[in-house]
Amino acid sequence: MRTIRPCDALCAILWLIFAAGCTSSIPNLPNRSIVSSYQSDRFIIYLMKKGDTTASLAERFLGDPELLWRIEEANKSFEPDTLIVIPLKARNKGGIFENGVQQIPILCYHRFDIRCDSPLCIPAEVFEGQVKYLKDNGYRTITPEQMLGFLEYRQPLPKKSVMITVDDGYSCFYNIALPILKKYRFTATLFVYVNFVGVSSKALDWSKLRELKAGGISIGSHSIMHSDLSKPGDQENEEAYLKRLHHEIFQSKKMIDTKLEQDTFIFAYPFGRANDAAMLMVHQAGYKLAMTVRRGGNPFYSNPYNLQRDQILEKDMGIFATRLKTFHSLSLR
Ligand SMILES: [Zn+2]
């Protein structure tokens, strides 16, 4: 008869706790000192040591410090000498639960200033309050690559994921918003329209965009001229309209690809407006994600060429908080 070793028994208990979906740290198990770590193909039980951080553990065991959220969401405490769970497999890629699905809010900003005279401008103090609110309430900002992985059902996202986007390419992003984002260790995505790049001191130029990209800010296309792509202009026939669409969508990608040495895969429709022809052409040009300004969140089954975004025009924190819904209730039983 096979003898059950203490480790087998302990690991079985640990496995049952983990498999049952318990997300707290392992409680005071009587024999924990006999195990410093245990690994299966699905998880590791690890004894926290002084100096360990969730980022260092994510780098060591998951190969990427940015995956620290997987460890943080699976445990409540990270005190030295505490056993924690390190999940090795990506779980629940689409964020699907029996009472609903995860959704990703995408926030849309334009300009920032110390004092503002337009609803499209957010005062620095208000922006910092909003970013602090996100941090204090456990939100994590995601990149377009992460969003794409979620929409393609390849990767799960942190439960409270949010995407921050900033349209047009004003230099106030660099001067005002970026230091605030850095302070809270958040990222953002910029959408620039090519004809605005470097036109005046109010606009970011290509060298600043390169610097931003090197610092982890994603850059997408917002067309060439910022014209409405959702309908023909006055006196514009069908042929001229399609030619304009092609130029605005294909050419902007080509120019941004060349200037920033990247394969630009995200697009924001000027004024947030699109029709089927524009969406199709954005797809044909090689973009993978495209954004409107229709209000709402984005579950994993969203059309990637018709993503919803909330324009942040209000300075009221209560209203801001209502834009951050990360769960869409549905009965999936
Ligand atoms: Zn715009």
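A: The buried residues of α9 pack against α8, β13 and β14. This is a predicted model, and the description that follows concerns its computed geometry.

Helix α9 covers residues 276-284. Four of its residues, Ala278, Met279, Met281 and Val282, are buried. Viewed down the axis of α9, these buried residues fall within an arc of 165°, so they line one face of the helix. Asp276 and Gln284 lie on the other side of α9 and are exposed. Just after α9, glycine 286 adopts a positive phi of about 105°.

The helical partner of α9 is considered next. Helix α8 spans residues 238-260, and its axis comes within 10 Å of the axis of α9. The two axes cross at roughly 40°. An angle under 35 degrees would count as roughly parallel, and 65 to 115 as roughly perpendicular; α8 and α9 are therefore oblique to each other. Their crossing is right-handed. On the α8 side, the residues that meet α9 are Leu245, His246 and Ile249. Their counterparts in α9 are Ala277, Ala278, Met281 and Val282. Of these counterparts, Ala278, Met281 and Val282 also belong to the buried set of α9.

In α5, which comprises residues 144-151, the buried positions are Pro144, Gln146, Met147, Phe150 and Leu151. They cover an arc of only 160° around the axis, which puts them on the same side of α5. Just after α5, tyrosine 153 takes a positive phi of about 55°.

Elsewhere in the chain, three strands form an open sheet in the order β1-β2-β3, with antiparallel pairing. The edge strands are β1 (37-39) and β3, each of which pairs on one side only. From one strand to the next, the twist averages 15°. Strand β1 is joined by 3 bridges to β2 (residues 43-47), and the two run antiparallel. Serine 37 stands opposite tyrosine 46 in β2. Strand β3 covers residues 83-87 and contains valine 85. Valine 85 has 22 other C-beta atoms within 10 Å; the threshold for a buried residue is 20 or more, so valine 85 is buried. The C-alpha atoms of valine 85 and isoleucine 44 are separated by 5.8 Å, although the two residues are 41 residues apart along the chain.

Buried residues make up 32% of its 333 residues. Among contacts in the protein chain with a separation of 6 or more, 66% are between residues 24 or more positions apart.

Terms used
Residues numbered from 1 in each chain as written. Predicted model: local features only at pLDDT ≥ 70, side-chain atom pairs only at ≥ 80, totals over all residues. Buried ≥ 20, exposed ≤ 12 C-beta atoms within 10 Å, placed from the backbone. Contact = placed C-beta atoms within 7 Å. Pairing = 2+ DSSP bridges. Axes fitted to C-alpha atoms, helices over the stretch in contact; angles between N-to-C directions. Arc of directions from axis to C-beta. Parallel < 35°, antiparallel > 145°, perpendicular 65-115°, else oblique. Left-handed = near helix turned anticlockwise from the far one by under 90°.
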